[in-house]
Amino acid sequence: MDNARGVRGVYSAVITLQDVRPRLYWPITLAAAALVGLLAYGVTSVGPDTSLDESLQQGKRVEAPVAELPRLGANGTGSLADEKGKVVVLNVWASWCGPCQSEMPLLQRTHEKIASQGGLVLGIDTQEPPENALDFLSEKRITFSSLRDRDREYGRKFGISGYPETFLIDREGRVAALRRGPVTQDWLDQHLPRLLEEKA
């Protein structure tokens with residue numbers, strides 16, 4: 001009798017283990033897969049480059065990245081390098097970005113104001129169909145030129161993490177100030193006059 005009970009107990013324990021094993025297997029497998037995915041993401045995903053921000057905080061000016069980009073609404077390509085000798089308000093924008101829409105009138109006024117002092121606003125339209133961007137500029141009555149960063153590759157060189165972002169480029173082609181987020185008149189007034197006074 002005791003032997004029969006013992007056999008039944010062992011058999012019962014085996015059944016229980018077999019029941020538990022499949023239930024444990026999938027959660028453990030899923031957890032392991034998630035961990036591997038997270039590690040892979042950590043290796044391949046790089047946050048925005050903050051080296052430009054750090055240099056500016058230390059009072060250093062950094063050579064602005066340049067690249068030949070398609071002109072928005074015109075043939076050919078253009079580059080920030082074409083504007084060397086001028087003070088450039090380089091604004092990275094997209095028509096679907098709410099804060100970009102709000103700051104455009106201020107940027108247009110700034111462009112008109114600094115033109116006679118050797119300055120200009122240059123837009124970098126980001127990752128959108130050109131017809132959307134052109135409709136937006138027409139609606140806002142924007143006259144300053146824009147280039148197209150179709151794959152956001154150019155923006156990454158500036159450490160861009162969101163839109164809009166604006167960079168003030170001095171006459172020697174160096175980044176002198178940056179704004180992560182919408183520009184304000186106060187911010188422009190703080191940085192632009194001294195840059196416009198500098199000689200190339």
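The model is predicted.

**The sheet**

Six strands make up an open sheet. Their order is E1-E8-E7-E4-E5-E6, and the pairing is mixed. Strand E1 (62–63) and strand E6 (146–149) stand at the edges. Each has a single partner strand, so one side of each is left without a neighbour in the sheet.

Which way do E4 and E5 run relative to each other, parallel or antiparallel? E4 and E5 run parallel, joined by seven bridges. Trp93 stands opposite Asp125 in E5. The link between strand E7 (residues 165–169) and strand E8 (residues 174–180) is antiparallel, with five bridges. There, Glu165 stands opposite Arg180 in E8. In general, strands of a sheet pair through backbone hydrogen bonds, and the pairing is either parallel or antiparallel.

E4 is mostly covered, with seven of its seven residues buried. The cover is found on both faces. One side carries Val87, Val89, Asn91 and Trp93.

Helix H4 spans residues 130–140, and its residues Ala133, Phe136 and Leu137 are buried. These three cover an arc of only 95° around the axis, which puts them on the same side of H4. An α-helix has 3.6 residues a turn, so residues three or four places apart point the same way. The face of H4 turned away from the buried side carries the exposed residues Asp135, Ser138 and Glu139.

What do the buried residues of H4 pack against? Their partners are strand E4 (87–93), helix H3 (98–114) and strand E5 (119–126).

Thr110 sits in helix H3. Its relative accessibility is 7%, so Thr110 counts as buried, the cut-off being under 20%. Leaving aside residues up to four places away in sequence, Thr110 touches Val89, Val121, Leu188 and Leu192.

The aromatic pairs number four. Tyr154 and Phe158 have ring centres 5.2 Å apart and planes at 80°, so this pair is edge-to-face. Phe158 also pairs with Phe167, and that pair is tilted.

| Pair | Centre to centre | Angle between planes | Type |
|---|---|---|---|
| Tyr154 and Phe158 | 5.2 Å | 80° | edge-to-face |
| Phe158 and Phe167 | 4.6 Å | 45° | tilted |

Tyr154 and Phe158 are both buried. Phe158 has a relative accessibility of 1%. Phe167, at 0%, counts as buried too.

**The disulfide**

The structure holds one disulfide. Cys97 is joined to Cys100, with an S to S distance of 2.4 Å. The link is right-handed, with 85° about the S-S bond. Are these cysteines buried or exposed? Both Cys97 and Cys100 are buried.

Gln127 lies in the loop between E5 and H4. Its phi is positive, about 45°, although Gln127 is not a glycine. With a relative accessible area of 43%, Gln127 is partly exposed. Arg141 follows H4 and has a positive phi near 60°.

Arg152 is found in the loop between E6 and H5. Its phi is near 70°, a positive value in a residue other than glycine. At 32% relative accessibility, Arg152 counts as partly exposed.

Where is the cis peptide bond? The bond from Tyr163 to Pro164 is cis, with omega near -5°. Pro164 lies in the loop between H5 and E7.

Glu153 is placed in helix H5 (residues 153–157). Glu153 is partly exposed, with a relative accessible area of 41%. Its side chain joins that of Arg156 in a polar contact of 3.1 Å. Glu153 and Gln127 are 26 residues apart in sequence. In space, the C-alpha to C-alpha distance between Glu153 and Gln127 is 9.8 Å.

Technical notes:
Residues numbered from 1 in each chain as written. Heavy atoms only, no water. Helix = DSSP H or I, 4+ residues; strand = E, 2+ residues; numbered from the N terminus. Buried < 20%, exposed > 50% of the residue type's maximum accessible area, 1.4 Å probe, protein only. Polar contact = N/O pair within 3.5 Å; in protein donor to acceptor, adjacent residues only side chain to side chain. Disulfide = S-S within 2.5 Å. Arc of directions from axis to C-beta. Contact = heavy atoms within 4.5 Å. Phe/Tyr/Trp six-rings, centres within 6.5 Å; stacked < 30°, edge-to-face > 60°. Pairing = 2+ DSSP bridges.
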